[in-house]
Every structure is written in structure tokens, then in C-alpha cells.
Amino acid sequence: MNVVVSLHEQGFRSAFKVLQEFGSVNTTNFFNVLGMQVENIPELLEALRDAIAQAPEQFAFLARLVPVMTTFTFQSPAEFEAKAKEAVLQWIPQLAGKRFHIRMHRRGFKGRLSSHDEERFLDEMVLQALEQAGTPGTIAFQDSDAIVVVETVGQWCGLSYWTREELQRYPFLRVD
């Protein structure tokens, strides 16, 4: 899967019907969470933007839709942290000198992974890497230049990087 979809209550049937037009839709083991597989994420984003503009009521089921760019599986919190760190480091050049934060949406691993703790761990790791590169950044929760999103569904993780402009263009992402 390369897209995580969170649904509003009573939105499952509508979501399945409407989203199949955009890609393969699958259930997950988590209530009101679907996974999608699409071939072209930029095309999906534009198609959804247009479809929502034309018929917003048809998308009332949609709480959040987050495409991911990097995925991995993990078996333990330590493995999660090692792989998440490696994945987030790929965006250090884009985060150079920027105001950013990490946002994690965890489903599963309750009591073993803390979204807040993992966000803080990754934020601090990025700040340190930016400092070492001579391009310090800052953590900002308001008016961020970029947000790195971490989505977990059980032992699967997907990560993505979004700029302020992309988040404004695709408000259905709702990453915060």
C-alpha cells in the first residue's frame, strides 16, 4: 500500500465505492482505516482535488488521505526507530534551513510505541543532522515550511514529506 485513508464514522461503504475509481482499495485490521495502492501519487492528488471540488458531498467520508513515499515493516520499537531514522534522513536536503515538524499517526503497537516520543526522537535527530550539515532548521508547529508524516498500520510504516504549498493545494491530506 502507498496511501493510508482514515474515514469518518459510517463512511466505509461510501469510501470503498468512491475510492476504487482512483486505485486498489483494501481493508486493514483497524477501524475506519483503509489502504490504497495507486500507480501515480501526483495524479491521484490532482484527480482527488478535482473530484472533491466538483462534488464535495461525495467525499464526506474522508477524514484524511496520506500518500507515502517510503515504506518498511518492523517487528520491534528499536527496529522501527532505526528504519524511521534512515527513511527521514533522506529529506535532510529538503529540510535545510526550514521550519518543520514530524507528525506520527500510529495504529497498533499500543503501549510499545508512543507517537509523541517517536515524533520527538525524529525531530531531534533531524535537528542534529541539519546542524551537522551547517543548515540548521527549527521545529515549528504553526506555519511550518514542511511536515514529515509517519503513518503506521500494525507493523507496516509509511513516510512522506509535504511542503506548506502542497498541504494548501491538497487540504484533504490533513496531516496534523
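Helix 3 (residues 77-89) packs against helix 5 (residues 115-132) at an angle of about 45°, and their axes lie 10 Å apart. Axes here are lines fitted to C-alpha atoms, for helices over the stretch in contact, and angles run from 0 to 180 degrees between N-to-C directions. Helices (H or I, at least four residues) and strands (E, at least two) are DSSP runs, numbered from the N terminus.

This is a predicted model: local features need pLDDT of at least 70, side-chain atom pairs count only at pLDDT 80 or more, and totals for chains, interfaces and linings use all residues. Residues are numbered from 1 along each chain as its sequence is written, and side-chain values use heavy atoms, with hydrogens and water left out.

Helix 3 and helix 5 are therefore oblique to each other. Angles under 35 degrees count as roughly parallel, over 145 as roughly antiparallel, 65 to 115 as roughly perpendicular and the rest as oblique. The crossing of the two helices is right-handed: the near helix is turned clockwise from the far one by less than a right angle. Helix 3 contributes Phe80, Glu81, Ala84, Lys85, Val88 and Leu89 to the contact. Helix 5 contributes Glu118, Phe121, Leu122, Met125, Val126 and Ala129. Contact means heavy atoms within 4.5 Å. By class, the contact residues are 9 nonpolar, no polar and 3 charged. Ala, Val, Leu, Ile, Met, Phe, Trp, Tyr, Cys and Pro count as nonpolar, Asp, Glu, Lys and Arg as charged, and the others, Gly among them, as polar.

Strand 2 (residues 24-27) pairs with strand 3 (residues 33-37) in the antiparallel sense, over 4 bridges. Pairing requires at least two DSSP bridges between two strands. Threonine 27 has leucine 34 of strand 3 as its bridge partner. The two strands form a hairpin with 5 residues between them. In the turn, asparagine 32 has a positive phi of about 60°.

Buried means under 20% relative accessible area, exposed over 50%, partly exposed in between (1.4 Å probe, protein chains only).

| Residue | Relative accessible area | C-alpha separation |
|---|---|---|
| Leucine 44 | 3% | 27 Å to phenylalanine 74 |
| Valine 148 | 0% | 23 Å to asparagine 32 |

Not counting residues up to four places away in sequence, leucine 44 touches Val3, Phe22, Val38 and Leu65.

Beyond neighbours within four places in sequence, valine 148 is in contact with Val88, Trp91, Leu95, His101, Ile102, Arg103, Ser160 and Tyr161. Val88 also takes part in the contact of helix 3 with helix 5.
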